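Here's a quick tour of a protein chain for you to follow on screen. Keep the sequence and the 3D view open side by side, and find each residue as it comes up.

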Amino acid sequence: QVQLVESGGGLVQAGGSLRLSCAASATTFNANTNAWYRQAPGKQRELVASVSSGGDAYYAGSVKGRFSISRDNAKNTIYLQMNSLKPEDTAVYYCNLKEFLGYVTREYWGQGTQVTVSD
């Protein structure tokens with residue numbers, strides 16, 4: 001069982017920056033993907049960015065060019081650097097890990113961290 005703990009959320013003015021961190025309690029040696037999702041009030045949870053164990057990154061169109069996802073395998077931590085923040089980026093941000101074990105996929109979620117962008 002892997003636990004994910006996010007940190008780094010907070011209140012920031014539009015145009016500002018925040019860096020979210022997600023620390024995993026254990027190392028996984030299986031093929032995996034780390035991702036950040038977000039959920040704004042009254043909206044569905046959406047994928048913001050992901051990075052595979054092979055280093056392939058994906059970004060939602062709404063954040064491309066402003067957000068950057070990275071991973072530090074030595075620290076079992078992934079990061080989401082968020083620049084040029086907009087009020088519409090306001091949401092609870094969740095860390096996600098998927099482990100691919102042949103025919104089985106294990107999925108883990110963090111507890112979420114609030115990001116509020118004021119205009």
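Is W109 buried, partly exposed or exposed? With a relative accessible area of 35%, W109 is partly exposed. Before we go further, keep in mind that this is a predicted model.

**Rings and a charge**

- Searching the whole structure turns up two aromatic pairs. One of them is Y94 with W109, an edge-to-face pair with 6.5 Å from centre to centre and 85 degrees between the planes.
- This pair links distant parts of the chain: Y94 sits in strand β9 (residues 91–101) and W109 in strand β10 (residues 104–109), 15 residues apart.
- Y94 has a relative accessible area of 14%. Since the cut-off for buried is under 20%, Y94 counts as buried, while W109, at 35%, is partly exposed.
- Y37 joins in too: ring pairs tie Y37, Y94 and W109 together as a cluster.
- R45 shows up at two of these rings. You'll find R45 over the face of Y94, 3.8 Å from the ring centre, and its charged end also sits over the ring of W109, 4.7 Å from the centre.

**The nonpolar core**

- Nonpolar side chains in soluble globular proteins tend to be buried together. Here, the largest nonpolar core is made of 28 residues.
- Which residues have the most contacts inside this core? They are L4, W36, V48, F67, L80, M82 and Y93.
- The elements that each give two or more residues to the core are β3 (18–24), β5 (46–52), β7 (67–72), β8 (77–82), β9 and β11 (113–118).
- Zoom in on F67 for a closer look. Not counting residues up to four places away in sequence, F67 touches R38, V48, Y59, L80, Q81, M82, N83, L85, D89 and Y93.

**A four-stranded sheet**

- Strands of a sheet pair through backbone hydrogen bonds, and they can do so in a parallel or an antiparallel way.
- In this model, four strands make an open sheet in the order β1-β3-β8-β7, and the pairing is antiparallel.
- β1 (4–7) and β7 are the edge strands, so called because each pairs on one side only.
- Ignoring direction, neighbouring strands of this sheet are turned by 15 degrees against each other on average.
- β3 and β8 pair over six bridges, in the antiparallel sense.

- S52 is part of strand β5. Is S52 buried or exposed? Its relative accessibility is 16%, so it counts as buried.
- Leaving aside neighbours within four places in sequence, S52 is in contact with N32, T33 and R71.
- N76 lies in the loop between β7 and β8. Its phi is near 50 degrees, a positive value in a residue other than glycine, and N76 is partly exposed at 22% relative accessibility.
- S84 lies in the loop between β8 and β9. Phi of S84 is near 50 degrees, again a positive value in a residue other than glycine. With a relative accessible area of 40%, S84 is partly exposed.

Key. Residues are numbered from 1 along each chain as its sequence is written. This is a predicted model: local features need pLDDT of at least 70, side-chain atom pairs count only at pLDDT 80 or more; totals for chains, interfaces and linings use all residues. Side-chain values use heavy atoms; hydrogens and water are left out. Rings of Phe, Tyr and Trp (its six-membered ring) pair if their centres lie within 6.5 Å; planes under 30 degrees apart count as stacked, over 60 as edge-to-face and the rest as tilted. Buried means under 20% relative accessible area, exposed over 50%, partly exposed in between (1.4 Å probe, protein chains only). A charge sits over a ring if NZ of Lys or CZ of Arg is within 6 Å of the ring centre and within 35 degrees of the ring normal. A nonpolar core is a set of buried Ala, Val, Leu, Ile, Met, Phe, Trp, Tyr and Cys residues joined through side-chain atoms within 4.5 Å. Contact means heavy atoms within 4.5 Å. Two strands pair if DSSP finds at least two bridges between them. Axes are lines fitted to C-alpha atoms, for helices over the stretch in contact, and angles run from 0 to 180 degrees between N-to-C directions.
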